[in-house]
Amino acid sequence: MTWFLLAVEVLLDFVALVLAIMLIAGAAGNRLRLWWGAMVLMASGMLLHNNLMWLLGYYEPSAPTLGYGLLVARRMVEWFVVVTPAFLYPLATLRPAYLTPLRFVSLLIPVGVITLVTICYYWFDGYTTELNSLADVLGNLQQFNVQLRLVLFVASLVIPIVYLLIPVLGHFSSVRRRATLKMSVFVALQLFILVYYAAFTLFPTRFLFDTYGMVIVVFAIYGSALHLMYENPLSHRMEKGEEAKSAPENKKALTGAEALFGKMSVYFENNASYTNPAYTLRDMAGDLGAKQLHVVEAIKNSGFAGFKDYLSYLRVEHFKRLAGKDKGLSVKELMNISGFTSRSSFYRIFTEFEGTTPSGFMSALGGKSLPE
């Protein structure tokens, strides 16, 4: 790896690490943001460690377990453990209430089992056959370590693809969100990284060796930037009409989460306590006489990313109602009355929900379009 590329990648690793810490610290009940931050923290930490080892001369390019060889077990294990969980993220963002921590862990069981078998083999001094070409792979298929590495490689490609297909192939009776253009870009980047990983594992070159980690960390930075700007950047909550078209009618009795969300909707139609800028999840649970955990579950079951996403929705709806009633108020006045304190955050959130700026919305109503 050239010194220039190494320096650039170390810098990018550090940036990704800082963004991950910011996401985790500012998650505030948004499990999606917390999960993404945790995954980026792990990936950037691993890449930063590896690059510092290269920088300090602890790793040598000629070492079969770290260099240009084919089907390098260490490299595949790192991918399998650190990167593969990110392919569950489209499912998490489309179904916030579905991918609970228990389901998340359950879906990762195949990853854990295959990784554990591989680690145990090498932990107990398993023999490593050096593979420098596809001919070497074919000529050593009788070797157990080669067979194990092939299984690991195939699984590291198939399982991420299956994760991406779950939202398409799976049956969900409650469809609450629809993918955005950002989701398409996100998935396309994931598939590109998957192809890059396959090429690097089977056809390693100096260029792929020097840029493999950089491709992953750039993707991590892109996803982190999106999650710092938006509560759930990859999908939008569907309105009731859209839900009816996208899912079969469900005539079953309401679940506890659905009943609680109905109670929440009725309560906030008559109480605008959410317009208090200091309103918290604890306050909401107290108003509803429910546990915070149940409130969050009800919010996510209805298609919101979390408490902050739902709170923003309530405030945007309040802004729209007031704008329709009193056209003499400016955007800034309505923004403050609705509970927003930051103009930049308000404009970003309003545009995300409505597809237009507050000024554009006000102009369409015939009110004041200027923020003053």
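Which helix supplies the largest share of the lining of the second largest cavity?

## Basis of the model

This is a predicted model, in which local features need pLDDT of at least 70, side-chain atom pairs count only at pLDDT 80 or more, and totals for chains, interfaces and linings use all residues. Residues are numbered from 1 along each chain as its sequence is written, and side-chain values use heavy atoms, with hydrogens and water left out.

## The second largest cavity

The largest share of this lining, 4 residues, comes from H2. Helices here are DSSP runs (H or I, at least four residues), numbered from the N terminus. A cavity is a set of points on a 1 Å grid over the protein atoms alone where a 1.4 Å probe fits but cannot get out, and lining residues have an atom within 4 Å of a point. The whole structure holds 4 cavities of 30 Å³ or more.

The second largest cavity has about 150 Å³ of space, a volume being the space filled by probe spheres set on grid points that are joined across faces, edges and corners. Its lining counts 14 residues, and Trp36, Val83, Ala86, Ile216 and Phe219 lie nearest the centre. By class, 13 are nonpolar, 1 is polar and none is charged. In this scheme Ala, Val, Leu, Ile, Met, Phe, Trp, Tyr, Cys and Pro count as nonpolar, Asp, Glu, Lys and Arg as charged, and the others, Gly among them, as polar.

## The nonpolar cores

A nonpolar core is a set of buried Ala, Val, Leu, Ile, Met, Phe, Trp, Tyr and Cys residues joined through side-chain atoms within 4.5 Å; buried means under 20% relative accessible area (1.4 Å probe, protein chains only). In the largest core, which has 71 residues, Trp36, Trp79 and Tyr163 touch the most other members. H10 gives the most to this core, with 11 residues. A second, separate core has 21 residues, including Phe261 and Tyr310.

Beyond its neighbours within four places in sequence, Tyr163 is in contact (heavy atoms within 4.5 Å) with Thr84, Phe87, Leu88, Leu107, Leu108 and Val111.

## A buried loop residue

Leu71 lies in the loop between H2 and H3. Although Leu71 is not a glycine, its phi is positive, at about 50°. Leu71 is also buried, with a relative accessible area of 0%.

Note on methods: Buried means under 20% relative accessible area, exposed over 50%, partly exposed in between (1.4 Å probe, protein chains only). Helices (H or I, at least four residues) and strands (E, at least two) are DSSP runs, numbered from the N terminus. On a 1 Å grid over the protein atoms alone, a cavity is a set of points where a 1.4 Å probe fits but cannot get out, and a pocket is an open set with protein on both sides within 12 Å along at least five of seven lines; lining residues have an atom within 4 Å of a point.
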